[in-house]
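Let's take a walk through this chain together, strand by strand. Keep the viewer open as you read.

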Amino acid sequence: MTPATLELIHTAGTRQTVNVPITVFANGHDWSTFLPSQRLEVTGRLAGPSPGDLVAAILLVQGSPRVLTPPSGIQTAAGALRAGLRAAADALPADQRGLLPGLVVGDVSRMDPQVAADLKEAGLSHLNAVSGANLAIVAGAALALSRLLGLSLPLRAVFAAIAMLAFAVVARPSPSVLRALLMGLAAAIALGTGRSKDGLAALSATVLLLVLFAPELARSYGFALSVAATAGILILAPRWRDRLSSPRDEGGSPRDCGLAREREGHRCHESGVSSDGGGAKVSCRLPRWMAEAVAVPVAAQVAVTPVLVLMSGQLTPVAVVANLLVAPAVAPATLLGFGAALVAPVWPEGARLLVIPAGYAVGWIVTVASWAVNLPFATVPWPGGLPGLGLLLVAVAVAIPILRRRAWRPVALTVAGAALVTVLVIRPLAGAWPPGGWLMVMCDVGQGDGLVVAAGPGRGVVVDTGPDPVAMDRCLRRVGIDDVPLLILTHPHADHVDGLPGVLRNRRVGAVVVSPQRTGARSSAHVSAMLAQHHIPEWTASPGTRWRFGPSELTVLAPDPAQSETNGYGEGSAINNSSVVVHVRWRSGSVLLSGDLETEAQEELSRQVVLRADILKTPHHGSNRQSPAFLSAVGARVALISVGADNDYGHPALSTLTVLRRLGATVYRTDQSGDLAIVERQGRMAVVPRGP
């Protein structure tokens, strides 16, 4: 999906010249190689835009495009710099090689999905979208270099402006880049003319100009976040920095440390209180650099919180700490990465030398993000939209008077501390996950399947991986799995295999079992290629194949490779009916893992084998393609359904739920209960929901 300008339309012998913005939807590797300024000829269908979009149409491209013109010289050079940085970053580990180009020039084409998700939840996603921080680092380096060269003040300003413009071209003009560029140019003009620099005036002028010439930015959350964060840094951060760094007398009013020394003879320390024995006491809070390091991320986070509530309905308390920890690594990574991009086209080996120390800085950012998201309540659910914004305003209106009154602060801090202890200590002890004695966990992976069968301490047999590698990896981390002796992929549909990279992330996988009926050739080939890349053996298993891992005994029941495919009524029915079916037995009971079997394969299987099990993983997310005879033959007392909330497939079907309840089965659903754990209690099994 890419924005473009439509210039010429040929339809049924007619030719129409236009000049309107459109959004292009297309498939194919060719599109990832095109650069801005290129002109293409395509065949496709025009459709009306979504309501509220400021484009004339959506273009659905059919076939391959024909290139009419090459990119401009500037865009060719910018593309070469980006490609050079990507090539140099190949020397880094996978998570770092994807983040470094994103941090330096906003190139997220190779970003690890898990790293991107961690950055988002830790409040660090601004790092992989080029913003004012990147531009300020480049401009600062340009000013320092020009000063070393002995250039005059106006020439320094021009040099910094050229550096910022060049950087914006390389990074491409996203909303945050445009905002930062115009503000930076305003600052450069002020520097070159010797006029005072007013950041708030520059921000206001920037917003007016950008919304005037690019009105679609008025509907961009990215632009709103960028402007809000900048406004918070300009308005709130200086005041909070001064309050944190200025000394305070006994009455609580800030005082100047130098004045205290001169007028009252006090020894003013960075922390603590000192007096000459008779005068008012003076305390110096924090060194100015430390106060600024704290005030800037706090002010930015406070300013963007209303926008985050409107956009995603959550608060991110951990963002302040995470931003404070990664701040020292951002500038070295940006400067070294940009240097590598400049050097790469002429000296690739030198670019790799620059990338290696940049990798240490990027690795620190990845480590902090991973640590932050695993903290309890790193993100706090909050009502979204206008109701959430109203609730936030009420909370702020109540909190400010309490915190401003010195007498009320100890009470407020005591209550907050008690709540924090309750949340961080007592609640985890009362509701640890996974529960003790767990035998199997059905992960809440959305619309798909992802299960973990206990195989010993830190080990688990994984059955299907869901559609999302991030969700699957997090489920396995919650359960504490770092060793997967066996992975079973029941069939090659995306909602069962696309989460495979999440299982492979930082884990050993012994072998992978796939269906012997090789339906879905394209998806199967993709899975096979990924497994070959990681040197993981790929097996097929015939009915009767049995393994024992820890407390679990797994037996394959279907499909039989000697039998032909079982077709059905839907487009993917043959693939669903080829699902690997596994019976898992423990000392206290058993479960039947039935993949996505549909009616035909269910009835055939119920005629061939005895299917009794205490718990049933309901086939195909509880669709209406169920055989009552099959469900009755299993005789399960509990039915588990892995299903995504508000999915548009109608899963689980009301008819399926009715049959299960009529057969006496208690139904548990991941869309309502989150992760589901089967546990052993006094020789019997129970189901424990984690909660949505």
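**A hairpin and an open sheet**

In the hairpin of β10 and β11, five residues lie between the strands, and Gly-456 there adopts a positive phi near 120°. Before going on, note that this is a predicted model, where local features need pLDDT of at least 70, side-chain atom pairs count only at pLDDT 80 or more, and totals for chains, interfaces and linings use all residues. Residues are numbered from 1 along each chain as its sequence is written, and side-chain values use heavy atoms, with hydrogens and water left out.

Strand β10 (residues 450–454) runs antiparallel to β11, joined by five bridges; strands here are DSSP runs of E with at least two residues, numbered from the N terminus, and two strands pair if DSSP finds at least two bridges between them. Val-453 sits opposite Val-461 of β11. β11 also pairs with strand β13 (residues 487–488), in the parallel sense and over two bridges; there, Val-462 has Leu-487 as its bridge partner.

How many residues of strand β11 are buried? Six of the six (residues 460–465) are, so β11 is largely enclosed by the rest of the structure. Buried means under 20% relative accessible area, with a 1.4 Å probe and protein chains only.

Now turn to an open sheet of four strands, with mixed pairing and the order β1-β2-β4-β3. β1 (2–11) and β3 (39–47) stand at the edges with a single partner strand each, so one side of each has no neighbour in the sheet. Within the sheet, strand β2 (residues 14–25) and strand β4 (residues 57–69) run parallel, joined by four bridges. Thr-23 has Ile-58 in β4 as its bridge partner.

Methods. Buried < 20%, exposed > 50% of the residue type's maximum accessible area, 1.4 Å probe, protein only.
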